[in-house]
Amino acid sequence: MTIEECYNTLGGNYKNALSRLMNDNLIKRFILKFPADKSYENMVAAMEAHDADVAFREAHTLKGVSRNLAFDQLDSSVSEITELLRAGDLESAAKLLPRVTADYELVIGTLAKL
C-alpha cells in the first residue's frame, strides 16, 4: 500500500500531509508513530471514570495530532467530541464515542498495513 492509498483508505488528506511533510518517507515516519500515542485510550478511560476535564484534554490532544497528520475523518469526529467535553457534556460525548472509536480503529488498522 502506498502512502496515498493509505490516506485514501483512512479518510485522510494526502495532499495536505504532503504539503506539510514534503515527502512520503517523512509522512510515513510520522504516521507510524501515531499508534504509540495514548490520547485515545486515555480519553476513553477518563470518560468511563466520568472525568470530563481529563477526557477533554486527551480528546484535544488527539484532535491536534489527527489534524497535524491530516487524518481528516478522525479529526472531524474527535473535534465534535472535544467540544462536547469542553462544555462538560459527558453524556452527549459518550453518544459520539462509537463514531470516534470507528474512525480511530480505521486509522490504526490501515497503518498496520504499511
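Which side chain of opposite charge is nearest to Asp103, and how far away is it? I looked, and it is Arg99, 4.1 Å away. Asp103 is buried and has no salt bridge. I count a salt bridge when a side-chain nitrogen of Lys or Arg lies within 4 Å of a carboxyl oxygen of Asp or Glu. Lys and Arg are taken as positive, Asp and Glu as negative; His and the chain ends are not counted. Buried means under 20% relative accessible area, exposed over 50%, partly exposed in between (1.4 Å probe, protein chains only).

A note on the source: this is a predicted model, in which local features need pLDDT of at least 70 and side-chain atom pairs count only at pLDDT 80 or more, while totals for chains, interfaces and linings use all residues. Residues are numbered from 1 along each chain as its sequence is written, and side-chain values use heavy atoms, with hydrogens and water left out.

Asp103 sits in helix H7. Helices are DSSP runs (H or I, at least four residues), numbered from the N terminus. I listed the contacts of Asp103 (heavy atoms within 4.5 Å). Not counting residues up to four places away in sequence, Asp103 touches Gln73, Leu74 and Ser77.

Next, the core. A nonpolar core is a set of buried Ala, Val, Leu, Ile, Met, Phe, Trp, Tyr and Cys residues joined through side-chain atoms within 4.5 Å. The largest one holds 34 residues, and Tyr7, Phe71 and Ile81 touch the most other members. Helices that give two or more residues to this core include H1 (3-10), H6 (72-86) and H7 (90-111). H7 supplies the largest share, seven residues. I then followed Ile81. Leaving aside neighbours within four places in sequence, Ile81 contacts Met43, Met47, Ala59, Ala93, Leu96, Leu97 and Val100.

Which residues of H1 are buried? I found Ile3, Cys6, Tyr7 and Leu10. Seen down the axis of H1, they fall within an arc of 95° (directions from the helix axis to the C-beta atoms), so they line one face of the helix. Their cover includes H2, H3, H6 and H7. Just after H1, Gly11 takes a positive phi of about 75°.

Last, I checked positive phi in residues other than glycine. Met22 has phi near 80°. Met22 lies in the loop between H2 and H3, and is exposed, with a relative accessible area of 63%. His50 has a positive phi of about 60°. His50 lies in the loop between H4 and H5, and is exposed, with a relative accessible area of 63%.
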